[in-house]
Amino acid sequence: MNNVNYIGQTLKNLFSKPATVKYPFEPREFPERTRGHVENDMDVCILCGLCQMRCPTGAITVDKKGQTWAIRPFSCIQCRSCVDNCPKKSLSMGQQYQEPGTEKIEKKFDLSDKQKEALAEQARIAAEKAAAAKAAMEAKKKAEAEAAAKAAEAAGNTADVKE
Ligand code: SF4
Ligand code: SF4
């Protein structure tokens with residue numbers, strides 16, 4: 001490097017912003033698409049279990065009966081597979097990294113009351129539809145059986161007349 005370049009680089013470094021930050025005294029700014037940790041919006045999650053099926057490390061547990069969603073952050077490798085496969089888009093990647101720890105913790109979240117009510121209403125409507133479909137099927141079978149009986153009876157009467 002010649003002297004002119006050297007002086008130019010020195011002056012540039014003197015007046016430009018440092019590349020490093022005074023961490024931990026200054027908070028670190030993460031790039032926009034940093035994969036720090038997984039977050040779930042329990043107002044939107046429907047506990048379908050797809051994220052659990054798509055997680056390569058088994059970090060997620062969906063308990064439909066208990067209406068909870070849980071993640072073991074130290075098992076998560078931030079691959080984003082769960083986020084990309086969530087049909088309700090309730091999962092997202094938070095930028096902040098999981099704090100280190102000495103225990104393999106599990107973070108468990110309850111479905112929100114709003115979502116519990118919405119799912120209960122959906123289940124009620126589905127049960128009503130299933131009951132209506134079952135009743136319609138039984139009525140159809142009964143009508144078919146009655147029609148068959150009438151046809152048989154008519155056939156019997158015709159035979160009697162011939163005799
Ligand atoms: S895939 Fe999405 S909606 Fe389904 S259980 Fe996971 S977070 Fe909830
Ligand atoms: S980011 Fe990857 S490893 Fe982490 S919970 Fe989601 S699917 Fe599992």
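Two residues are in contact if their C-beta atoms, placed from the backbone, lie within 7 Å. Among contacts in this protein between residues at least 6 apart in sequence, 72% join residues at least 24 apart. This is a predicted model: local features need pLDDT of at least 70, side-chain atom pairs count only at pLDDT 80 or more, and totals for chains, interfaces and linings use all residues. Residues are numbered from 1 along each chain as its sequence is written, while chains are lettered from A and ligands numbered from 1 in the order in which they are written.

**Overall build**

- The protein has four helices and five strands. Helices (H or I, at least four residues) and strands (E, at least two) are DSSP runs, numbered from the N terminus.
- Along the sequence, the pattern reads α-β-α-β-β-α-β-β-α.
- The radius of gyration is 33 Å, well over the 15 Å that the globule rule gives for 163 residues, so the protein is more spread out than a compact globule. That radius is taken over C-alpha atoms, and the rule is 2.2 Å times the number of residues to the power 0.38.
- The C-alpha trace spans about 130 × 40 × 25 Å along its principal axes.
- Buried residues make up 10% of the 163 residues. A residue is buried if 20 or more other C-beta atoms lie within 10 Å of its own, exposed if 12 or fewer, and partly exposed in between, with C-beta atoms placed from the backbone.

**Ligand surroundings**

- Ligand 1 has 14 residues around it, and C45, C48, L50, C51 and C86 come nearest. A residue is near a molecule or strand if its C-beta atom, placed from the backbone, lies within 6 Å of it.
- The shell of ligand 1 holds ten nonpolar, three polar and one charged residues. Ala, Val, Leu, Ile, Met, Phe, Trp, Tyr, Cys and Pro count as nonpolar, Asp, Glu, Lys and Arg as charged, and the others, Gly among them, as polar.
- Ligand 2 has 15 residues around it, of which C55, C76, C79, S81 and C82 come nearest.
- The shell of ligand 2 divides into ten nonpolar, three polar and two charged residues.

- Strand β2 (residues 60-63) pairs with β3 in the antiparallel sense over four bridges. Two strands pair if DSSP finds at least two bridges between them.
- T61 has A70 in β3 as its bridge partner.
- Four residues lie between the two strands of the hairpin, where Q67 takes a positive phi near 55°.
- I60 sits in strand β2. I60 counts as buried because it has 23 C-beta neighbours inside 10 Å.
- Leaving aside neighbours within four places in sequence, I60 is in contact with C51, Q52, C55, I71 and C82.
- I60 and R124 are 64 residues apart along the chain, and their C-alpha atoms are separated by 28 Å.

- Most residues other than glycine have a negative phi, and most peptide bonds are trans.
- The Y23 to P24 peptide bond is cis, with omega near 10°. P24 lies in the loop between α1 (3-15) and β1 (37-40).
- L47 is not a glycine, yet has a positive phi of about 55°. L47 is found in the loop between β1 and α2 (50-54), and it counts as buried, with 22 C-beta neighbours inside 10 Å.
- R80 also is not a glycine, and its phi is positive, near 80°. R80 is found in the loop between β3 (68-71) and α3 (81-85). With 14 other C-beta atoms within 10 Å, R80 is partly exposed.
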